[in-house]
Amino acid sequence: LAFGTTALIAAAQQGHVGTVQALLLHRADPTKHLQDGSTALDKAVQSQHAEVEQLLRGLPLPTPPLTSE
């Protein structure tokens, strides 16, 4: 991980949706950026983590289908 990486940037880069959600609920700042200017959203896009990208863009996540047991 790059120097200055925040927990949110690291979680976004690794695709950890639940961690990103928790950090945002606890007011992690999604506008913080690394020295190169990249944000958590940039890292999610670069790493192809679509659900994290949706979350950081403020879009609702898809709901899993209900299963009958």
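Predicted model: local features only at pLDDT ≥ 70, side-chain atom pairs only at ≥ 80, totals over all residues.
Visitor: Why is Thr-39 called buried?

Guide: Thr-39 has a relative accessibility of 16%, and buried means under 20%, so Thr-39 counts as buried. You will find Thr-39 in the loop between α2 and α3.

Visitor: Which residues is Thr-39 in contact with, leaving aside its neighbours within four places in sequence?

Guide: Those are Ile-9, Pro-30, Thr-31, Lys-32 and His-33.

Visitor: What makes up the largest nonpolar core?

Guide: That core has 12 residues in all, among them Leu-8, Ile-9, Val-17, Leu-34, Ala-40 and Leu-56. The helices α1 (7-14), α2 (17-25), α3 (40-46) and α4 (50-56) each give it two or more residues. The largest share, four residues, comes from α1.

Visitor: How do you know that Glu-53 and Arg-57 meet in a salt bridge?

Guide: Their side chains come to 3.1 Å, N to O, and the cut-off is 4 Å, so a pair within that distance qualifies. A search of the whole structure finds one salt bridge.

Visitor: Why is Glu-53 called partly exposed?

Guide: The relative accessible area of Glu-53 is 23%. Partly exposed lies between under 20% for buried and over 50% for exposed, so Glu-53 is partly exposed.

Visitor: And what makes Arg-57 partly exposed?

Guide: Arg-57 has a relative accessible area of 49%. Exposed would need over 50%, so Arg-57 also counts as partly exposed.

Key: Residues numbered from 1 in each chain as written. Heavy atoms only, no water. Core = buried A, V, L, I, M, F, W, Y, C linked by side-chain atoms within 4.5 Å. Buried < 20%, exposed > 50% of the residue type's maximum accessible area, 1.4 Å probe, protein only. Contact = heavy atoms within 4.5 Å.
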